[in-house]
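Open the model in your viewer and keep the sequence panel beside it. The tour goes from one selection to the next, with a short note on what is found at each stop.

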Amino acid sequence: MDRKQFILRSLQFSVGSFLAAPLLAEQTQRTMSEPMIDGNPTKVTTFAFGQVKLPYAYDALEPHIDAKTMEIHYTKHHAAYVKKVTQAMADENITAGSAKEFFAKVSTYSANARNNGGGAWNHNLYWEVMKPNGGGEPTGKLLDAINGAFGSVAEFKTRFTEMGMKRFGSGWAWLVTNNGKLDVGSTPNQDNPLMDVGEFHGTPLLGMDVWEHAYYLKYQNKRDEYIQNWWNVVNWDAVAQRLG
Ligand code: MN
């Protein structure tokens with residue numbers, strides 16, 4: 001390949017590289033714009049996955065989720081999904097204006113792009129819907145919506161827990177809003193309800209990771225104990241914000 005092709009290829013490994021084209025003539029400096037989360041249109045027009053800053057310390061969710069699990073989960077698992085989907089988007093020339101757009105066409109991408117894109121996005125939501133001293137019960141509009149859809153918070157928790165327990169192998173349990181109605185479901189692997197694959201769709205409000213890497217160090221095979229304790233770290237305010 002010639003020099004221009006080489007530089008172009010190098011730039012495609014970087015976030016926001018598509019805006020870097022005007023720089024190709026004389027310099028190789030990258031324009032490293034901040035990765036956008038959920039397509040917030042700040043500097044670049046092409047969506048790139050990023051890793052949100054963890055809103056609390058690794059040990060902040062103790063004793064319900066242990067510090068070691070959080071550290072490995074965030075710095076190894078999640079970081080790898082982000083790195084790999086960034087590479088996959090460059091390799092496959094995938095462009096999207098937002099995460100929603102990316103997932104709406106995910107059936108046309110490689111399994112690599114789908115799995116790592118889901119992993120990147122799902123974990124950002126997961127970190128944000130948890131907090132130290134969380135739990136309790138939702139309030140206000142979210143409480144009304146949950147009561148309306150499921151009858152009670154207790155019934156909602158029972159059904160959501162079932163979604164997490166019945167997911168064989170690895171996956172996620174979700175609370176979504178779909179056409180103005182709340183619903184619970186689950187997806188395998190790193191799929192999510194925004195994807196144009198599978199049977200469960202909607203806009204996620206709450207997501208629970210039921211991969212063993214989310215709980216195995218502390219709970220081993222006892223997924224039920226992880227889920228039961230997980231309710232103590234749910235950030236209902238963050239869930240309510242997603243409902244809007
Ligand atoms: Mn995970």
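Start by selecting His213. This residue has a relative accessibility of 18%, and it counts as buried because the cut-off for that class is under 20%. Bear in mind throughout that the model is predicted.

**The manganese site**

Next, show the manganese ion together with its protein donors. These are His73, His123 and His213, each through NE2, and Asp209 through OD. Along the sequence, the donor residues follow the spacing H-x49-H-x85-D-x3-H. Two of them link distant parts of the chain: His73 sits in helix α2 (residues 67-91), His213 in the loop between β3 and α7 (216-219), and the two are 140 residues apart. Is His73 buried or exposed? At 1% relative accessibility, His73 counts as buried.

**The sheet**

Now select the three strands that make up an open sheet, in the order β2-β1-β3 with antiparallel pairing. The edges are held by β2 (181-188) and β3 (203-209); each has a single partner strand, so one side of each is left without a neighbour in the sheet. On average, neighbouring strands here are turned by 20° against each other, direction ignored.

Colour β1 (residues 171-178) separately. Seven of its eight residues are buried, so β1 is largely enclosed by the rest of the structure.

How many bridges join β1 to β2? There are eight, and the two strands run antiparallel. Two pairs to pick out are Trp174 with its bridge partner Gly185 in β2, and Thr177 with Leu182, also in β2. Then move to the turn: β1 and β2 form a hairpin with two residues between them, and Asn179 in that turn has a positive phi of about 55°.

On the other pairing, β1 and β3 are joined in the antiparallel sense over six bridges. Select Leu175 here, whose bridge partner in β3 is Leu206.

**Helices on the sheet**

The crossing of α6 and α8 is right-handed. Which residues meet at this contact? From α6, select Phe160, Thr161, Gly164 and Met165; from α8, select Arg223, Asp224, Ile227 and Trp230. The residues of this contact divide into four nonpolar, two polar and two charged.

**A last stop at Asn116**

Finally, select Asn116, which lies in helix α4 (residues 111-128). Its relative accessibility is 8%, so Asn116 counts as buried. Show what surrounds Asn116, leaving aside its neighbours within four places in sequence: the residues in contact are Ala80, Tyr81, Lys84 and Val85.

Methods: Residues numbered from 1 in each chain as written. Predicted model: local features only at pLDDT ≥ 70, side-chain atom pairs only at ≥ 80, totals over all residues. Heavy atoms only, no water. Pairing = 2+ DSSP bridges. Helix = DSSP H or I, 4+ residues; strand = E, 2+ residues; numbered from the N terminus. Axes fitted to C-alpha atoms, helices over the stretch in contact; angles between N-to-C directions. Left-handed = near helix turned anticlockwise from the far one by under 90°. Contact = heavy atoms within 4.5 Å. Nonpolar A, V, L, I, M, F, W, Y, C, P; charged D, E, K, R; others polar. Donors = N, O, S within 2.8 Å, 3.2 Å for Na, K, Ca; no water. Buried < 20%, exposed > 50% of the residue type's maximum accessible area, 1.4 Å probe, protein only.
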